[in-house]
Structure formats: structure tokens, C-alpha cells
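This report describes selected local features of one protein chain. The sequence and coordinates come first, and the commentary follows.

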Amino acid sequence: MRRFAPWLLVVLCAAGALTASWTVSARWWSAAGPLLVLALLGTWDLLQRRRALLRNHPLVGRLGYPVRDVAPPAPVPHGGREFFAASAGPVPPPEEEPRVRVGGPDCALPYDMALLNVSALSFGALSGRAVLALGRGAALGRFAQDTGEGGLSDHHLRGGGDLVWEIGSGYFGCRTPDGGFEEREFADRAALPEVKCVSLKLSQGAAPGGGGVLPAAKVSAEIARERRVVQGVTVVSPPGHRVFSTPRELVLFVARMRELAGGKPTGFKLCVRSRRQFLAVCKAMLAEGVTPDFVVVDGAEGGTGAGPPDPAERPGMPLTEGLMTVHNALVGTGLRDRIRIGASGGITTGADIVRRLAQGADYTNAARAMMTAVGCVGAGRCPTGACPVGVATQDPWRVWALHVGDKARRVRHYQRATVRGAVRIMAALGVRDPGGLTPAHLLRRTDAGTVRSYAELYEWLEPGALTAGPPAGWAADWAAADPDAFG
């Protein structure tokens, strides 16, 4: 409650000066007047709903809050400036926002995904109100909200939006007493109408080599019940899954999850560590005749609202390299038409969406930008539970400042404006449908006198090229990839 102390002090001083002006001398009005103005201004800060920072820090919040970058900037390969190849024959933007059908041949209930969705943001990392605001924003805009690995909470369900239920190595929400995967509970919850897709988290950009971390300060009684863990004790998800240990077992487990989910779209998320490892998964898909419905590629530049960021421990690929690796591997094995690709990491503008679609994605997810839409000011206090705007905390005295209705509208407005920006760029490129974007639409200046397209800068495989006889640049990794070992 110390954050209210300056305002309370001003109120007390105003009351004292006002009393003195009546009982001692009218001269006290020179002090009472300004103090009354400040007291009323602080009261307005408490009552308004648009700025959670002012609700939690009346008066003082108007001075600003120390802001720091909590994740490294997304790198542009080779340091070049990137831009798009505008067409001499632009087309009118479509009236309806494009959507992507997610669901392969083994999927009974395909889902039409928006071009921009809420990336994995767990209840625990975020407050219940922040999760609820994201969900209601998604419901208003008809786009999807990834639950994050923290479980399928009531706050997600109350939002009313379309949910992608993410299952991490901690199996929160479908967890046995000893920390394993509980099939029956998973099937029951996956059958909920709000759940449109199921995603298995292999790794994430913020910690591609280990499991997620939720600091003890954020493990409230509600979080402990939700995740079936001990209140006030740091929750560390295992670095790997217990239910599979090879690419072949991974592919078969994804198929089992889809079966338990009643045929809803099922896939996995990863931050690519090496081309060889993903090729091993592709070989397992070919051997078993089973494919996921989608793969979400997370970049190593991704952040987290749960634990402390540690850019030094990010061995995975940045999103550009990871995305092109996954796209080419699926094309080269002849599986690309069965699997949709989502891109997550540093998506903030319409140009970011178009860039990722040109690099091989079908749709995108955003986390940090969505947190900004619900009021995040980048204070860097996520691990402490002392978020000044009630977004990344479980402290009820801080969470109360976040007004769900206002933030939900902001989330919806942000997503709509960003997708519309992407659609306008595509129209300027002469593209009516996202599927028409190619690497040739994305250009990079490599030096003062040279501009080349992504189609020229990188090798793009033809369908079936790997199974027919891998190109020289892929041959060693293809030969070493083992469907029965991640390596």
C-alpha cells in the first residue's frame, strides 16, 4: 500500500491546510488551493479506468515509471535493411480479413485461424484480469488465444474467445499426482467448446533449452490449486517431456492427443535448435504416416512474463532462421500441404506479419504486443510480482487497477488495426490472399549498392526434394537425422 502514500499525504496536507484557512488565517488558502487540486487529481487517477499505472500509483504515476527493455531486439540477418517489393499493379484489399484453415487429413474439426492471434501467455505469468481481458478481446475480434503452459484456467474460459490449449512438460491442467500426463482429464477438458486447438509445447524462445519458470512470488493459492503445486514455491517445469523421448514417440503422442481431443487440430510449438533435429521429426512423420495439424515456430528473441529474462542462455534459432528451416523441411519432405505453420516472436506491426508470411508462415502470434495492449509498460518487474499495472502479478491490490472492459477493447483494436495494416501491404504487393506471398516479395539491402530478395538470398527447396535426393546443402543433415533419436 506504500504506492498510495504520496496521494494520502497530499490529501492529509490538503485537509490540514483547509482547516487552518478556516480556523487560523485565510493565508492558508495559498497552500490549501494547490493541495486540493493535487488531491482531486490523485482521486481522479484512482477512479479512471484507462490507465492502470495511475490507478496503482496516483499522482506519482504521472511522473512516469522506469522502463527497460526486457528482451533483446529481434535481429535482422547480416544487419541489412529489409523492405517489400511493391507491385506496379496493386489490388484492392479484401473486405473480409483473411483466415487460414488449420486441420490436416486426420483432423475432424478444422479451425479457421486469424492472421494474428494471442501467443502463449499463462495464467500465473499474467494476472487473472489480464488473461480475461485478452480473452474478451479475442472474442470481440474472433481470433485465438493461446493459454500458455500454465493450464486451462477459468479466466481463459470466461473470456469467451477461441482457445488454443497449450500443454507443457509440467502437464498443468491434465497432471497426475506425480507430475505425469493424465489422459482422461485431458480428454474431458479438450472437449470444452471454447477449446478449438491443442498445442504441445516442446520449447520456447525465452528458454529453448529448459522448462518454464514461475517465481515463488507469483505462486498464489489460486495458482497452486490450478497447477496442483505448492503455494509460495517456485514452479520449474521439467526441461523435457516424460511421455516421449524420440521424434517417433513425439509424432505418435501428437496423434494420440488429437484422438483424445475428438479430432480437434493438434500440433506442437518449438524454438528450433538445429536443422538436423527437425528433420528427424519429419522422418518420423513419414515413417509413421502421421502429421500434426500445425507447427508454431518460436524465435530465440522471444520474451517471458513469468521468470527473469536471460538472453545469454538462448541457444535456439532466431525466428527468421527457425521459420525458414521448418518451412523448407516440410516442403522438402512433401508434408507442407498437410501442416500449417505459425510464427511467434517479435510480431508487433502489419509489416511483421507480411514478413513472416513471406518467409514461410501461414499465420502469426504475438505476446509482448498483446501485453502492451492490456497495459504493460515494460517495467521489468515480472519476476517480482510487483507489476505496477496489474498485468504480470498475482497481487490482488495491484491487479484491481486493470479494468477488463477497457483493456479488452484495446486488444481488439490493436489486433484489427495490425491485421488491416498487413492486408493493405499485401494489396500493395499485388497479393489478394496470404498464400500468394513468396520470398521474392521480401527484399534486403546487403550493401550500399545491392538489393536482393529472400528468394535469391536463401535456398528454397522444391516439394519432395529431400526424399528424392537431398540437395548438397541439406545432404549431411538429412543423412544424420534419426527418427528414433533427437541427437
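Is Val 419 buried or exposed? In this predicted model, Val 419 is buried, with a relative accessible area of 1%. The residue sits in helix α14. Leaving out residues up to four places away in sequence, Val 419 touches Glu 97, Leu 116 and Ile 353.

Helix α14 covers residues 404–428, a run of 25 residues. From first to last C-alpha it reaches 36 Å, close to the 36 Å expected at 1.5 Å a residue. Just after α14, Gly 430 has a positive phi of about 80°. Helix α10 has 14 residues, 319–332, and spans 19 Å between its end C-alpha atoms, close to an expected 20 Å. Of the 14 residues of α10, 13 are buried, so that the helix is mostly covered. Gly 334 follows α10 and also has a positive phi, near 75°.

**Salt bridges**

The structure holds 21 salt bridges.

| Asp 106 | Arg 258 | 3.7 Å |

The side chains of Asp 106 and Arg 258 meet in a salt bridge. Asp 106 lies in the loop between β2 (99–102) and β3 (111–114) and Arg 258 in helix α8 (residues 247–260), so the pair ties together parts that are 152 residues apart in sequence. Asp 106 is partly exposed at 40% relative accessible area, whereas Arg 258 is buried at 4%.

Glu 166 is buried, with a relative accessible area of 2%, and Lys 269 is buried at 6%.

Arg 336 is in the loop between α10 and β12 (340–344), and Asp 362 is in the loop between α11 (350–358) and β13 (363–366), 26 residues apart. Arg 336 is buried at 13% relative accessibility, and Asp 362 is buried at 16%. Elsewhere, salt bridges with shared partners join Asp 106, Arg 258, Asp 293 and Arg 338 into one network.

**A buried arginine without a salt bridge**

Arg 175 is in the loop between β6 (162–167) and α6 (183–190). It is buried yet has no salt bridge, and the nearest side chain of opposite charge, that of Asp 178, is 7.7 Å away. A polar atom of the Arg 175 side chain lies 2.7 Å from the backbone oxygen of Gly 170. Beyond its neighbours within four places in sequence, Arg 175 is in contact with Gly 170, Gly 180, Glu 182, Glu 185, Arg 227 and Arg 228.

**Cysteines**

How many disulfides does the structure hold? There are zero disulfides. Cys 197 is in none, and the nearest cysteine sulfur, in Cys 107, is 7.7 Å away. Cys 197 is buried at 1% relative accessibility. Cys 376 is partly exposed at 23%. Its sulfur is 6.1 Å from the closest cysteine sulfur, that of Cys 382, which is too far for a bond.

Terms used
Residues are numbered from 1 along each chain as its sequence is written. This is a predicted model: local features need pLDDT of at least 70, side-chain atom pairs count only at pLDDT 80 or more; totals for chains, interfaces and linings use all residues. Side-chain values use heavy atoms; hydrogens and water are left out. Helices (H or I, at least four residues) and strands (E, at least two) are DSSP runs, numbered from the N terminus. Buried means under 20% relative accessible area, exposed over 50%, partly exposed in between (1.4 Å probe, protein chains only). Lys and Arg count as positive and Asp and Glu as negative; His and the chain ends are not counted. A salt bridge is a side-chain nitrogen of Lys or Arg within 4 Å of a carboxyl oxygen of Asp or Glu. A polar contact is a pair of N or O atoms within 3.5 Å; within protein, one must be able to donate a hydrogen and the other to accept it, and residues adjacent in sequence count only if both atoms are side-chain atoms. Contact means heavy atoms within 4.5 Å. The expected span of a helix is 1.5 Å times one less than its number of residues. A disulfide is a pair of cysteine sulfur atoms within 2.5 Å.
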